[in-house]
Amino acid sequence: MTLTPSRLALARKRRGLTMVRLAADAGVTTRSLSAYESGRQRPGPRTVRALAGALGLPVAFLEAPEIDEIPPDAASFRALSKMTASQRDRASSAGRIAFLINDWIEERFHLPDLEVPSLPGLDPQTAAEVVRARWGLGLTPVANMIHLIESRGVRVFSLAEECAEVDAFSLYWHGTPFCFLNTMKSGERGRFDAAHELGHLVLHTEHRVPHGPEAEQEANRFAAAFLMPAASVIAARLSDATTAQILAARQEWNVSAMALTRRLYELTMLTEWGYRTTCVNLSRMGYRNGEPGGMRRENSQLLSKVLRALRGDGITPARIAAHLAIPLAELNAHLFGLVPTVLPGGAIGSAETRKPDLRIV
């Protein structure tokens with residue numbers, strides 16, 4: 001029984017535990033725990049079991065091969081200055097476990113190829129128009145943001161509830177774009193988050209780390225232009241629109257009332273006074289922090305297809321989790337809660353002669 005130091009550190013951060021807390025829970029000293037994580041000392045089998053129990057993970061997870069953590073500056077975290085190091089580490093470590101799930105899936109399925117343009121330095125409005133043109137979207141409202149970016153090669157996973165303070169984040173990992181979305185927000189805001197992260201992937205490539213207010217503003221402008229193309233908004237004749245008109249029109253693009261109000265202001269279709277007045281009205285009506293009567297949240301079509309195909313082969317989510325040495329609840333936390341009731345039977349070991357193709361339409 002050999003403990004893998006990087007796995008121990010990752011698991012501790014995923015649980016949001018300090019060294020002091022984990023050491024106390026596992027019945028070891030903080031100095032010993034530090035030595036275990038650095039690889040300077042190896043614990044005995046009994047201690048490994050105690051650590052696994054305190055972390056709520058199978059011992060096999062802590063004994064699996066070494067794992068690289070996501071570097072702190074690799075991901076686009078919104079409002080990074082307001083996040084604690086623990087919150088950032090917890091979200092990053094959750095993302096790293098999602099990478100393991102993605103690796104497992106890619107070994108068994110041919111996923112959509114990468115078709116995300118890299119347009120660093122381009123104005124966000126223009127970049128959004130270029131992406132829409134390359135993807136053949138024209139001025140048509142985006143039916144489903146998650147389905148769209150998945151079909152273009154972005155791997156989309158959900159953020160666990162313990163990471164509720166994180167809206168979303170994205171990054172390139174070994175050349176593959178990943179997007180992580182908070183499922184506790186309204187459907188409209190979830191769509192905007194997905195478009196925002198697409199903006200980071202398009203404007204802020206692997207060679208330009210997206211951090212700071214400027215990068216976030218660029219991603220916001222991209223998202224607004226991508227979801228609400230200027231020509232289609234202008235054609236809707238919403239100049240000097242009333243609050244009631246905005247609430248009715250938001251359904252055309254499936255965006256939040258606040259987002260549409262901001263877009264109208266950016267396109268000079270609302271005066272500054274009109275913009276501020278509308279924002280106050282919407283806030284009073286509960287649209288500042290939510291979307292009363294809004295749309296349902298979007299889900300992952302790709303992950304749904306994967307789970308359905310695996311069920312057809314007799315491979316249950318419980319067996320997937322066991323193969324990855326994570327609890328079933330951990331698997332479900334990254335798959336938008338799509339894991340169904342576990343059915344008996346099924347084996348992971350059957351070798352496929354050909355990887356199934358997953359097409360998203």
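## The second largest cavity

N102, E150, R155, V156, F157, S300, L302 and L303 line the second largest cavity, where a cavity is a set of points, on a 1 Å grid over the protein atoms alone, at which a 1.4 Å probe fits but cannot get out, and lining residues have an atom within 4 Å of a point. Its volume is about 40 Å³, a volume being the space filled by probe spheres set on grid points that are joined across faces, edges and corners. Strand 1 (155-159) gives the most to this lining, with three residues, and helix 15 also supplies at least two; helices (H or I, at least four residues) and strands (E, at least two) are DSSP runs numbered from the N terminus.

By class, the lining of the second largest cavity has four nonpolar, two polar and two charged residues; Ala, Val, Leu, Ile, Met, Phe, Trp, Tyr, Cys and Pro count as nonpolar, Asp, Glu, Lys and Arg as charged, and the others, Gly among them, as polar.

## Basis of the values

The model is predicted, with local features needing pLDDT of at least 70 and side-chain atom pairs counting only at pLDDT 80 or more, while totals for chains, interfaces and linings use all residues. Residues are numbered from 1 along each chain as its sequence is written, and side-chain values use heavy atoms, with hydrogens and water left out.

## The largest cavity

Two cavities of 30 Å³ or more are found in a search of the whole structure, and the largest holds about 60 Å³ of space. Its lining consists of I101, W104, I105, L303, V306, L307, L310, I320, L331 and L335, which divide into 10 nonpolar, no polar and no charged residues.

## The largest pocket

The largest pocket, an open set of points with protein on both sides within 12 Å along at least five of seven lines, has a volume of about 750 Å³. Of its 25 lining residues, R189, F192, N220, M258 and A259 are the closest to its centre. The lining has eight nonpolar, six polar and 11 charged residues, and helix 10 gives the most to it, with six residues.

## Helix 12 against helix 13

The axes of helix 12 (residues 243-253) and helix 13 (residues 257-266) come within 9 Å and cross at roughly 95 degrees, so helix 12 is roughly perpendicular to helix 13, a term that covers angles of 65 to 115 degrees. Axes here are lines fitted to C-alpha atoms over the stretch in contact, and angles run from 0 to 180 degrees between N-to-C directions. In helix 12, I246, L247, A249, R250 and W253 meet A257, L260, T261 and L264 of helix 13, contact meaning heavy atoms within 4.5 Å.

Key. Parallel < 35°, antiparallel > 145°, perpendicular 65-115°, else oblique.
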